[in-house]
Amino acid sequence: MEKKIKSIFFKYGILVFLIFLCIVFSIASPYFLTIDNITIVLRQISIVGICTVGMTMIILTAGIDLSVGAMMALCSVILAKLMVAGVNIFLAIMITLLVGMILGLFNGFLINKIKISPLISTLGTMTIYRGITYIITKGLPVFGFPKSFSFIGQGYLGMVPIPVIILILVYIAGFFILYFTKLGRYIYGIGGNEKASILSGIHVKKVKYMVYVMAGFLTALASIVMLSRINSALPNAGTGFELDVVTAVVLGGISVNGGEGKLAGVIIGSLIMGILSNGMILLNIGEYYQIVVKGIVLLTAVGIDNAVKR
C-alpha cells in the first residue's frame with residue numbers, strides 16, 4: 001500500500017504541484033488567470049521550453065550543459081550583428097543556427113575527445129562564450145533590426161503566438177526522436193548503462209556528439225525567438241538561464257543520473273517554472289528572492305529523484 005501511494009505521488013505529484021501553484025496565484029492575484037497573462041506565461045515559457053528539449057536529451061545521457069545561457073547570448077549577438085550589417089534575415093538566421101550547432105559540437109568534443117566531465121566542460125565553455133559575447137559587443141547592447149524580424153517573437157498565427165507554435169513543433173520533434181527512432185533508444189540506453197551500451201555495439205561517442213549538437217541548435221533557435229521578442233541583443237542576456245532550463249527538466253522527472261524520465265513531464269516542469277516566475281512577479285516578489293526560490297525548487301526536485309533511487 002505504501003509503495004502504491006509513493007508510486008502515485010511520484011507519478012502525479014508534479015501535476016498536483018502545478019495545479020496547487022495555479023490556485024495559490026489565482027487567489028493572490030486577480031490578474032493571474034486572465035487571457036492576457038496566460039498569453040504572457042506561454043510566451044515566457046517558450047524560450048525556456050525550446051531549450052529543455054535539448055537539455056532533456058543531454059541529461060538522459062547522464063550529461064549536463066551549463067553553457068546554454070551564455071550560448072544563447074552569443075548566438076543572439078551574432079544574429080543581431082549580421083542583421084545590423086545588412087545580411088538577409090533568412091541567411092542570418094541560418095548562420096546563427098549553424099553557430100549554435102558548432103558551439104554544441106565543441107561541448108561534445110571536450111566531453112568525448114578531451115574526456116573532461118560534462119559539468120566542467122560546459123562550465124568552461126559558459127565562461128568562454130560569455131567572454132566572446134562581451135568582446136564582440138564591447139559590453140553594449142545591439143539593436144536596429146528590420147521590422148519584419150519581430151514577427152518571430154511577437155507575431156500571432158490566429159490566436160496563438162508564434163513562439164508557442166515553435167515550441168509545440170520542437171516538442172513534437174523531440175517526442176519523435178526520443179520515442180520513435182533508434183537514436184532515442186540509444187540516448188536512454190547510454191544514460192541507463194553506458195558500458196552495456198558500448199558492449200552492445202552502440203557508438204556512444206557519436207550519439208553524444210549528436211545530442212550536444214541538437215542542444216546547440218535548439219539553444220540558437222531559442223536565441224532567435226528571444227532576440228525577436230525583446231528587439232535588442234544584450235551581452236548579459238541569458239544570465240542564470242541554465243538554472244531555469246535544468247530545473248524545468250529535473251522537475252519534469254528526468255533523472256539527473258540519466259536514462260529515466262519522459263518528455264511529457266518536462267512540459268509540466270516548464271509550465272511550473274513559467275508560472276512560478278510569473279506569479280512571483282505579479283506578487284511583486286524581488287528578483288533576488290525569485291532566484292532563491294528557483295534554487296530551492298531545483299534542490300527539492302533533485303532530492304526527490306535521489307529518494308526514488310534509494
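**Helix packing and loop residues in a predicted model**

The axes of α4 and α10 cross at roughly 145° and come within 7 Å. The crossing of α4 and α10 is right-handed. On the α4 side the meeting residues are I93, T96, L97, G100, M101, G104, L105, N107, G108, F109, I111 and N112, and on the α10 side K205, K208, Y209, Y212, V213, G216, F217, A220, L221, S223 and I224. Sorted by class, the residues of this contact comprise 13 nonpolar, eight polar and two charged.

Helix α4, residues 89–112, also packs against helix α5, residues 118–137, at an angle of about 140° and with the axes 9 Å apart. The two helices α4 and α5 are therefore oblique to each other, since angles over 145 degrees would be needed to count as roughly antiparallel. The crossing in which α4 passes α5 is right-handed. From α4, the residues L103, F106, N107, L110 and I111 make the contact, and from α5, P118, S121, T122, T125 and Y129. Six of the residues in the contact of α4 with α5 are nonpolar and four are polar, with no charged residue. N107 and I111 of α4 take part in this contact, and N107 and I111 also belong to the α4 residues that meet α10.

A further helix pair is formed by α7, residues 162–180, and α12, residues 263–282. Their packing angle is about 150°, and their axes lie 10 Å apart. Helices α7 and α12 are therefore roughly antiparallel to each other. The residues Y171, G174, F175, L178 and Y179 of α7 meet L263, A264, V266, I267 and S270 of α12. This contact of α7 with α12 holds eight nonpolar and two polar residues, and no charged ones.

Helix α3 covers residues 68–84. Its 17 residues reach 24 Å from the first C-alpha to the last, close to the 24 Å expected at 1.5 Å a residue. How many of the residues of α3 are buried? The count is 15 of 17, and α3 is thus described as mostly covered. M83 is a residue of α3. With a relative accessibility of 4%, M83 counts as buried, because buried means under 20%. Leaving aside residues up to four places away in sequence, M83 touches I89, A92, F145, P146, F149 and L227. M55 is 28 residues from M83 along the chain, and the C-alpha atoms of the two are separated by 28 Å. Following α3 comes G86, with a positive phi near 95°.

The loop between α10 (204–230) and α11 (241–251) is the place of A237. Is A237 buried or exposed? A237 is buried, at a relative accessible area of 9%. Not counting residues up to four places away in sequence, A237 touches G69, A73, R130 and M226.

Most residues other than glycine have a negative phi. N231, which is not a glycine, has a positive phi of about 60°. At 31% relative accessibility, N231 counts as partly exposed. N284, found in the loop between α12 and α13 (287–309), also has a positive phi, near 60°, and is a residue other than glycine. N284 counts as exposed, with 69% relative accessibility.

One more loop residue is S29, between α1 (2–28) and α2 (35–60). Its relative accessibility is 8%, and S29 counts as buried. Not counting residues up to four places away in sequence, S29 touches L282 and L283.

How values were computed:
Residues are numbered from 1 along each chain as its sequence is written. This is a predicted model: local features need pLDDT of at least 70, side-chain atom pairs count only at pLDDT 80 or more; totals for chains, interfaces and linings use all residues. Side-chain values use heavy atoms; hydrogens and water are left out. Helices (H or I, at least four residues) and strands (E, at least two) are DSSP runs, numbered from the N terminus. The expected span of a helix is 1.5 Å times one less than its number of residues. Buried means under 20% relative accessible area, exposed over 50%, partly exposed in between (1.4 Å probe, protein chains only). Axes are lines fitted to C-alpha atoms, for helices over the stretch in contact, and angles run from 0 to 180 degrees between N-to-C directions. Angles under 35 degrees count as roughly parallel, over 145 as roughly antiparallel, 65 to 115 as roughly perpendicular and the rest as oblique. A crossing is left-handed if the near helix is turned anticlockwise from the far one by less than a right angle, and right-handed if clockwise. Contact means heavy atoms within 4.5 Å. Ala, Val, Leu, Ile, Met, Phe, Trp, Tyr, Cys and Pro count as nonpolar, Asp, Glu, Lys and Arg as charged, and the others, Gly among them, as polar.
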